[in-house]
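The sequence and the model come next.

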Amino acid sequence: MATVPMGDYPYYATTADLIDRADLVVRATLTSTRPGALHPERPTGADPALNPQAGVTDAASGVTEAMDVTIATVRVDEVLKGGVSPGQSIDVVQPGDASAGTPPPGVTYIEDETVEYLLVLASFPSGAALLNPTQALYTVAPDGTLTPVDPDGTVLTTLDEARALVTDDPT
């Protein structure tokens, strides 16, 4: 599979912004990982005003190559926000192939089955993805302290802080 360069991720200036934008905020435990591929959706329709690629061949469009991803299946231990239930499994898609050994810049994989994670996610029909790989992935200590998996990702510090932001969330 071809490696596709990753774009920039949104940055969240405050914890409230991060939580507000999330579809799901869960405390979860990894159950398995597997390689996968994302195939870009090709625009459809023949009207160039609605589809700038109307009439362009697949080869010329540049959208035919899949992007390598790692799919981490996690068991939800606690739901802070969103429409999932404790005990449910969800697939979290992360860019790059973890089995290749070198993640894309800024990506740390969900890979330790003995650790509990706090995940701040966007959801889509077939799974979910971290809102930002440095700000939306934390390990959870037994006392509820959160440690960002990426040292540059310090936004949330405790589970109670995350819970309070969800409680105060008007949505």
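## Asn132 and its surroundings

The side chain of Asn132 reaches the backbone oxygen of Pro10 at 2.6 Å, a polar contact (a pair of N or O atoms within 3.5 Å; within protein, one must be able to donate a hydrogen and the other to accept it, and residues adjacent in sequence count only if both atoms are side-chain atoms). Asn132 lies in the loop between S5 and S6. With neighbours within four places in sequence left aside, Asn132 is in contact (heavy atoms within 4.5 Å) with Tyr9, Pro10, Tyr11 and Tyr12.

Asn132 counts as buried because its relative accessibility is 5%, where buried means under 20% relative accessible area with a 1.4 Å probe, protein chains only.

## Basis of the model

The model is predicted, and local features need pLDDT of at least 70, side-chain atom pairs pLDDT 80 or more, while totals for chains, interfaces and linings use all residues. Residues are numbered from 1 along each chain as its sequence is written, and side-chain values use heavy atoms, with hydrogens and water left out.

## Pairing of S4

Strands here are DSSP runs (E, at least two residues), numbered from the N terminus, and two of them pair if DSSP finds at least two bridges between them. S4 (residues 116-124) pairs with S1 (residues 24-38) in the antiparallel sense over six bridges; Glu116 in S4 stands opposite Thr29.

S4 also runs antiparallel to S6 (residues 137-140), joined by four bridges, with Thr139 in S6 as the bridge partner of Tyr117. Four bridges join S4 to S5 (residues 127-130), again antiparallel, and Phe124 has Gly127 in S5 as its bridge partner. Two residues separate S4 and S5, which form a hairpin.

Definitions and conventions:
Buried < 20%, exposed > 50% of the residue type's maximum accessible area, 1.4 Å probe, protein only.
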